[in-house]
Amino acid sequence: SSSSSSSSSYRQPSNQSLGASSRLESVHKKPLFTLGVFADAQYADKENGTYGTRNKYFRDAKERLKNCLNEFSENAHALACVINLGDLYDGYNEDSAENLYFRDASSWSEEVKARNVKEFNEMVEITEKSLTKDLKLVSVLGNHDMAVTREVFKQKMNFGEDDYYKVELPRNWVLLCLDTTDMNPRYVDENSKAWKEGHAWLASKTEEFKKRNAKPWSGGIASVQFNWLKEQVDLAEKEGKKVIVCSHNALAPGSAREGMVAWNADVISSYFESKSETVKVCVAGHDHPGGYIQRGNVHYVTIEAMLEADCGTSYGYLEVYEHECILRGVGACKSRRMRTSEWGRFTGIANFGMLTGDIDVIDSNDPEEEKLANWINDQLRTPSSASSSSDDSDDLIIRR
């Protein structure tokens, strides 16, 4: 009949046709790339126990790091690199309690120096033996790492000459690795430009402000590094690339507890938010309970410390997609779903909580919410897309 003839000759709209459902075939579950992340392993040859009000597992840190890196190695085929967010070991010092913004490591006893070197080298050895050579370890400087000296840490962790640097990532993304020990006179060379800036900045603040917001174990981004950062963001913007930033201290007020963010986090985050079409996610450590805030469509995540994980560990997989990033936490590391595409743009991806600025928190032990999101996404796809090749639909398989 004519009706059956017209039905058999019907052709689906092409992918370029306005409103074509086949456009959704380009939305895949497979990430563009994935990063392994961990923070504050902080090994020391000290008893596990309660320090103050928090549990710290100093002696367990070596085994925790080893197991974490072994798992990353098993999944090396799916990882672009692994990020160490600082404080690989705890360290010891003999700084003066009267002026904690000053350090003269040359005055420390040989016993303290030797202990620093020994325990740091034990953690370096674990990174070398547990992480496959095919997987790059990217590190940032933490305040505890400074006990073995900046130069030794950089040399052992294969930094190169600079304290901050850029790593090219797949699919037109860039990783900018910052140094938040910068600007603190305790951690930089005396009479350097950063040292002078730090002193001037501290002198401009009241004692009450410093007590709350400028802890002597933190730091910030001084002008030379800040100018470099702006140059790199401008370059990424010009080249149509997107940026992930990693640092030890969190870079936005509210993304960690008061006093635990970078000293000039307000200035840094304001800049990032003015560049939110390029800068998408900032990940940090330092504040052991972790934290999160979204400001101006930039996501700031503080990873929970491996050292204090009562459940035995803390690390995660940061999956980067075209329109969102998903942090899949292991152990104490919280899972988070973060939209990175601009508002008002249809992505074909189901997201929740966006009306209030919240994000999805995916509980690894209770994936019902993730299942619901995936079900909705499946309904958005056409039958033809459901039969697409497995290379287009496979999730990262994490083997444990």
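A residue counts as buried when its relative accessible area is under 20%. By that rule, six of the six residues of strand β1 (residues 33-38) are buried, and the strand is mostly covered. The model is predicted. Its average pLDDT is 86, and 78% of the residues score at least 70.

**Confidence**

- Two stretches call for care. Residues 17-28 have a pLDDT below 50, with 26 contacts in the model beyond near neighbours in sequence.
- Residues 351-365 also have a pLDDT below 50, and this stretch has 31 contacts beyond near neighbours in sequence.
- Where pLDDT is low, the predicted coordinates should not be read in detail.

**Strand β1 and its partners**

- Strands of a sheet pair through backbone hydrogen bonds, and the pairing is either parallel or antiparallel.
- β1 pairs with strand β12 (residues 314-320) in the antiparallel sense, through five bridges.
- β1 also pairs with strand β4 (residues 81-84), this time parallel, over four bridges.
- Take Val-37 as an example. In β12, Val-37 stands opposite Gly-316. In β4, the bridge partner of Val-37 is Ile-83.
- The side chains of β1 point two ways. Phe-33, Leu-35 and Val-37 point one way, and Thr-34, Gly-36 and Phe-38 point the other way. All of these residues are buried.

**The six-stranded sheet**

- An open sheet is built from six strands, in the order β6-β7-β8-β9-β11-β10. Its pairing is mixed.
- The edges are β6 (165-169) and β10 (291-295), and each of them pairs on one side only.
- Neighbouring strands of this sheet are turned by 15° against each other on average, direction ignored.
- Strands β8 (residues 242-246) and β9 (residues 279-284) run parallel and are joined by four bridges. Within this pair, Val-245 has Cys-282 of β9 as its bridge partner.

**Helix α8 on the sheet**

- Helix α8 (residues 265-274) packs on this sheet and touches β8, β9, β10 and β11 (298-302). The direction of α8 makes about 140° with that of β11.
- Which residues of α8 are buried? They are Ala-265, Ile-268, Ser-269, Tyr-271, Phe-272 and Glu-273.
- The cover over these buried residues of α8 includes helix α7 (223-238) as well as β8, β9, β10 and β11.

**Cysteines**

- A disulfide is a covalent bond between the sulfur atoms of two cysteines. Here the count comes to zero disulfides.
- Cys-68 is buried, with a relative accessible area of 0%.
- Cys-282 is in no disulfide either, and the nearest cysteine sulfur, that of Cys-246, is 9.5 Å away. Cys-282 counts as buried at 3% relative accessibility.

**A buried loop residue: Thr-340**

- Where is Thr-340? Thr-340 sits in the loop between β14 (336-339) and α9 (368-380).
- Is Thr-340 buried or exposed? Thr-340 is buried, because its relative accessibility is 1%.
- The side chain of Thr-340 reaches the backbone nitrogen of Glu-324 at 3.2 Å.
- Leaving out residues up to four places away in sequence, Thr-340 touches Lys-280, Val-281, Asn-297, Glu-322, His-323, Glu-324 and Cys-325.

Technical notes: Residues are numbered from 1 along each chain as its sequence is written. This is a predicted model: local features need pLDDT of at least 70, side-chain atom pairs count only at pLDDT 80 or more; totals for chains, interfaces and linings use all residues. Side-chain values use heavy atoms; hydrogens and water are left out. Two strands pair if DSSP finds at least two bridges between them. Helices (H or I, at least four residues) and strands (E, at least two) are DSSP runs, numbered from the N terminus. Axes are lines fitted to C-alpha atoms, for helices over the stretch in contact, and angles run from 0 to 180 degrees between N-to-C directions. Contact means heavy atoms within 4.5 Å. Buried means under 20% relative accessible area, exposed over 50%, partly exposed in between (1.4 Å probe, protein chains only). A polar contact is a pair of N or O atoms within 3.5 Å; within protein, one must be able to donate a hydrogen and the other to accept it, and residues adjacent in sequence count only if both atoms are side-chain atoms. A disulfide is a pair of cysteine sulfur atoms within 2.5 Å. pLDDT is the predictor's confidence in each residue, from 0 to 100.
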